[in-house]
Amino acid sequence: EMDPQERAFQERVDAGQKIEPKEWMPEGYRKTLIRQISQHAHSEIVGQLPEGNWITRAPTLERKAILLAKVQDEAGHGLYLYCAAETLGISRDEMYEQLHSGKAKYSSIFNYPTLTWADIGAIGWLVDGAAIMNQVPLQRCSYGPYARAMVRICKEESFHQRQGFDILMKMVKGTLAQKAMVQDALNRWWWPSLMMFGPSDDASVHSAQSMAWKIKQNSNDELRQKFVDQTVPQAEYLGLTVPDPDLKWNETKGGYDFGEPDWEEFFNVIAGNGPCNAERLNARKQAWDDGAWFRDGLTAHAEKAAERHGA
Ligand code: 3HC
């Protein structure tokens, strides 16, 4: 049974009002937002690593400049989201400690290796495509700072997706070896992209509450279905075969029927046992250690400035 304060809060959420940092909120609402927003931020920061791997090997200067801009955008997305999470009372250092200790998750998709240049196209097209599918509804999230961060992020994501699709368009029109490279990338990235949307609805522990609080507008399976329906025609346009023998248009439902992702693989990856989890976490811990002198310098400078101005 809800107490009067919680009932009033739920009525505000149901009326589509935005909840702002200084307003009353149930402890569970605060906690699940800290969980989701900080892990979203971690995803952006860790997500720079697979793509960063190809900045020095981009095939042209133009592609290098575009990839640099995208990776830089991801860093910015991470910063907006860490700031949104801080409004809920968790510090940046605490969030980093949770990532480095393995307590916090980041999107499963970034635990797969980027083996060829076509992977960079597949990431833009599929991973950023899935991220857009998941982030557009988050612009309507009941928590103000998160919803507003999403507006800016969604604008930049559409550039990310388009540049990825453009890479693949060029390659499928290239040599047979280039087209085979694109098909290979689709074969390796298709299922992990479907897993980005989370476990199936019946295995989703947070969905019911997150939907009641209008944090989550659509269920995991709903968004996964939308992603498949939108992406399969794009794969066909590229002349590619989607690696799912069960994929079939279902006229009655007005969408594709498709196979089950390998949930054992999914839960393995988010438990830390994916192909690149150790490498990704070590890279982040190394960056944290390498940056210690810089953080200390900034802090010392800020303290001296505060003394000088007696702030
Ligand atoms: N990777 C890692 N963990 C995942 C996951 C995934 N793809 N999908 C689900 N999980 C975790 C959840 O975090 C939860 O674990 P936790 O309790 O320890 O946090 C557990 O699996 C159960 O899943 P639920 O469906 O119950 O959890 P949610 O209600 O939180 O739904 C979600 C999962 C849809 C990913 C939701 O958290 C969400 O929308 N997050 C914000 C958006 C986001 O993170 N998008 C992907 C990031 S990729 C990106 O943005 C970078 C792009 O710019 C390239």
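Helix α2 gives the largest share of the shell around the ligand, contributing 6 residues, in what is a predicted model rather than an experimental one. The ligand itself sits in the largest pocket, and the elements that supply two or more residues to its shell are α2 (27-46), α6 (117-138), α7 (144-172) and α11 (263-273).

**The shell around the ligand**

- There are 31 residues around the ligand, and those that come nearest are Lys105, Ser108, Glu157, Ser204 and His206.
- Sorted by class, the shell holds 12 nonpolar and 12 polar residues, together with 7 charged residues.

**Polar contacts and cover**

- Ser204, which is among the residues that come nearest to the ligand, has a side-chain N or O atom 2.9 Å from an oxygen atom of the ligand.
- In the side chain of Gln39, an N or O atom is 3.0 Å from an oxygen atom of the ligand, while for Gln36 a polar side-chain atom lies 3.4 Å from a ligand oxygen atom.
- On its own the ligand has 1000 Å² of accessible area, and the protein covers 90% of that area.

**Helix α13 and the residue that follows**

- Helix α13, which runs over residues 292-308 and has 17 residues, reaches 24 Å from its first C-alpha to its last, and this is close to the 24 Å expected at 1.5 Å a residue.
- Just after α13, Gly310 takes a positive phi of about 55°.

Key
Residues numbered from 1 in each chain as written. Predicted model: local features only at pLDDT ≥ 70, side-chain atom pairs only at ≥ 80, totals over all residues. Heavy atoms only, no water. Near = heavy atom within 4 Å. Polar contact = N/O pair within 3.5 Å; in protein donor to acceptor, adjacent residues only side chain to side chain. Areas by Shrake-Rupley, 256 points an atom, 1.4 Å probe, with all protein chains shown as cover. 1 Å grid on protein atoms, 1.4 Å probe; cavity = no way out; pocket = protein on both sides within 12 Å on 5 of 7 lines; lining within 4 Å. Sits in = over half its atoms within 2 Å of the grid points. Helix = DSSP H or I, 4+ residues; strand = E, 2+ residues; numbered from the N terminus. Nonpolar A, V, L, I, M, F, W, Y, C, P; charged D, E, K, R; others polar. Expected span 1.5 Å × (residues − 1).
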